Amino acid sequence: MNLPVLLTQFPVSLSISSNLKNILRLLAQAERGDLVLFPEGALSGYDPDLSFLQTLDLDELAEALEQLRTQASRQGIHLWVGSYIREQRLWFNAAFGFTPNGGAHQYRKINLATAERGVITPGSGLPVFELETSAGTVKVGVQICREIRYPEQWGWLARQGAQVFLHLNNATDNERQLPVWRSHLVSHAASNQRYLLSSNKAAAQQNCPSMAVSPEGWVLAEIVSDQSAARRLELDLSKVSNWYLDGARPDVVSIEVPTNKERRKILRSMQMGKLGRDLDDLRANPDLYEESNLNARTEALEFIRMIEEMYLLRPRDQDLQELYNQAQITRRRLEGINTRLFAQLQGKLQMGQFTPAQLRAHFDAYTDYRPESAGGPHYGYENLDGLVSGVFFSRPAPDETLERQPGMVRYQPTPASVILELIDRVGFNPQDVFVDLGSGLGHVLVLVGLLTGVRCVGIEYQPSYAAYTQEMVSEFGLKGITVVNGDARDIDYSQGTVFFMFNPFGGRIFDAVMDKLQARARTRQITLGSYGSCSEPIATLPWLSIQNTETIDDFRLAIFRSTVHPGA
């Protein structure tokens with residue numbers, strides 16, 4: 001079995017957008033079925049001075065990761081890229097593996113660099129990932145940067161069945177280390193009889209080349225350069241062998257993994273001190289107590305929930321109990337701020353105390369979007385999304401009750417800033433009928449209805465979602481908002497004038513719905529707004545003309561108007 005590979009490197013910077021452009025530029029050389037490898041921190045950036053993490057835009061990072069996941073699926077490749085990530089206030093140095101079917105793997109560096117210790121949380125396992133290719137299943141093990149110095153980790157991955165080692169590296173500024181690190185790579189490949197791929201940051205002084213090594217220890221490709229570069233090769237996996245591993249002497253020396261009990265004890269000593277410091281920092285942050293900073297409070301409450309989960313597992317741990325008690329005091333204070341904020345706005349809305357203009361001015365205090373910035377990208381969710389969710393959607397979302405049909409995708413709310421831009425760009429008039437294709441729980445319907453006063457119709461396949469929206473509409477006495485529960489292919493669109501979609505479906509469903517909208521456009525001109533990956537195929541339809549000239553991408557709102565002559 002052969003595995004096609006594209007080994008890359010580029011000058012990684014501290015700009016997410018610049019790194020993303022470099023990655024996408026190199027991905028243009030990838031072919032369907034390839035495994036493509038990028039360096040450590042290739043997306044987030046990397047610097048031994050980790051202070052840059054304090055200003056890292058987490059929304060931009062999340063959107064960039066999602067764009068790469070989508071890109072891997074579009075191109076039919078296995079894409080491995082390094083990035084720092086933050087989860088429940090903890091930072092990790094991770095390698096993401098995006099698959100052709102839209103899936104994602106993740107490895108978190110377990111052996112941290114000296115500068116990372118105390119700031120970055122180490123991972124807790126050495127998984128082997130199974131990649132499904134056209135030729136069969138390929139098993140890969142992942143290591144990051146300085147883990148090159150721990151041969152037992154590489155040996156363990158080989159013993160767990162890894163056929164290919166992926167090494168994401170970001171080691172520069174000491175070219176004297178070049179022959180040392182190069183020798184490490186050759187040794188790990190040859191001693192374990194595995195293929196090894198290593199991608200390093202392009203720089204004038206690389207500690208280690210970007211290179212590919214065979215199970216025999218032969219260097220198949222090597223890049224020592226400060227320029228972006230890519231090398232294509234094929235790995236003959238029949239050359240992978242356990243000959244040396246099977247000849248080992250476990251009666252003399254062996255690799256053992258701690259039991260779960262031993263692991264918990266070790267991890268506890270590593271984590272407790274950091275958890276306490278993080279909670280102290282959180283409680284001392286004045287931004288948390290400002291009403292408008294909903295996202296900061298949401299993130300803090302997620303961190304507190306993690307402490308609660310740990311306490312439930314070890315309720316007799318006195319240190320953890322003290323931490324839990326402190327967290328509960330903070331939780332009550334933060335939730336109290338949110339409860340008062342949501343209740344005040346709910347009361348005013350139910351009493352009809354806002355005009356659309358007054359409500360828009362109120363919402364503007366919770367978003368960075370402004371009409372003059374229309375056309376720009378929308379990366380993730382803002383404080384306004386937290387406000388809308390807390391006021392209108394405080395009840396837990398129901399489960400899906402119908403199995404999704406081929407082409408239908410998982411529900412995801414549209415960012416509120418996208419809806420504001422949609423309202424600004426369309427310029428609704430009282431005679432318009434707005435139709436949200438795939439309305440989910442009703443986020444788009446609520447905002448468009450409240451801020452424009454036009455009649456709004458949601459099309460939703462899941463009965464549980466449609467019922468949830470209708471109950472919320474009734475609770476707030478929102479007039480002019482209805483939900484039709486059904487398949488978008490079977491709906492009558494003869495009343496609609498403005499339509500919107502955020503990746504509700506693809507494939508044959510998309511084609512059928514577009515045909516119905518085209519038929520509607522023969523009776524009168526219609527407007528279609530789109531956000532996400534659906535914008536690209538919409539732009540190819542000859543009966544629609546895009547109104548905004550910005551480049552179409554997954555993070556910008558696109559506005560189209562029909563060009564079919566009414567009556568044709």
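Me: Let's start with contacts: which residues does Thr527 touch, not counting residues up to four places away in sequence?
Reply: A contact means heavy atoms within 4.5 Å. Leaving out residues up to four places away in sequence, Thr527 touches Val426, Thr497, Val498, Phe499, Ile559, Phe560 and Arg561. Keep in mind that this is a predicted model, where local features need pLDDT of at least 70 and side-chain atom pairs count only at pLDDT 80 or more, while totals for chains, interfaces and linings use all residues. Residues are numbered from 1 along each chain as its sequence is written, and side-chain values use heavy atoms, with hydrogens and water left out.

Me: Where is Thr527 found?
Reply: Helices (H or I, at least four residues) and strands (E, at least two) are DSSP runs, numbered from the N terminus. Thr527 is found in strand β17, residues 527–530.

Me: And is Thr527 buried or exposed?
Reply: Buried means under 20% relative accessible area, exposed over 50%, and partly exposed is in between (1.4 Å probe, protein chains only). Thr527 has a relative accessible area of 7%, so it's buried.

Me: What about the nonpolar cores: how many residues does the largest one have?
Reply: Here's the general idea: in soluble globular proteins, nonpolar side chains tend to be buried together. A nonpolar core is a set of buried Ala, Val, Leu, Ile, Met, Phe, Trp, Tyr and Cys residues joined through side-chain atoms within 4.5 Å. In this model the largest one has 54 residues, and Ile23, Phe38, Leu43, Leu68, Leu79 and Val81 have the most contacts inside it. Elements that each supply at least two residues of this core include α1 (16–27), α2 (58–75), β3 (78–87) and α8 (318–350). The element that gives the most to this core is α7, with 8 residues. Apart from this core lies another, of 51 residues, among them Leu349, Leu384, Leu422 and Tyr531.

Me: Can we zoom in on Leu68: which residues does Leu68 touch, not counting residues up to four places away in sequence?
Reply: Among them are Leu20, Ile23, Leu24, Leu43, Leu79 and Phe98.

Me: Now cysteines: how many disulfides does the structure hold?
Reply: A disulfide is a pair of cysteine sulfur atoms within 2.5 Å. This structure holds 0 disulfides.

Me: Last one, salt bridges: what is the count?
Reply: A salt bridge is a side-chain nitrogen of Lys or Arg within 4 Å of a carboxyl oxygen of Asp or Glu. By this rule the count comes to 17. In one of them, the side chains of Glu536 and Arg74 meet at 3.7 Å, N to O. That pair links distant parts of the chain, with Glu536 in helix α15 (residues 535–539) and Arg74 in helix α2, 462 residues apart. Glu536 is partly exposed at 47%, and Arg74 counts as partly exposed at 36%.

Me: Which parts does the pair of Arg86 and Glu299 tie together?
Reply: Their side chains meet in a salt bridge at 2.5 Å, N to O. Arg86 lies in strand β3 and Glu299 in helix α7, so the pair ties together parts that are 213 residues apart in sequence.
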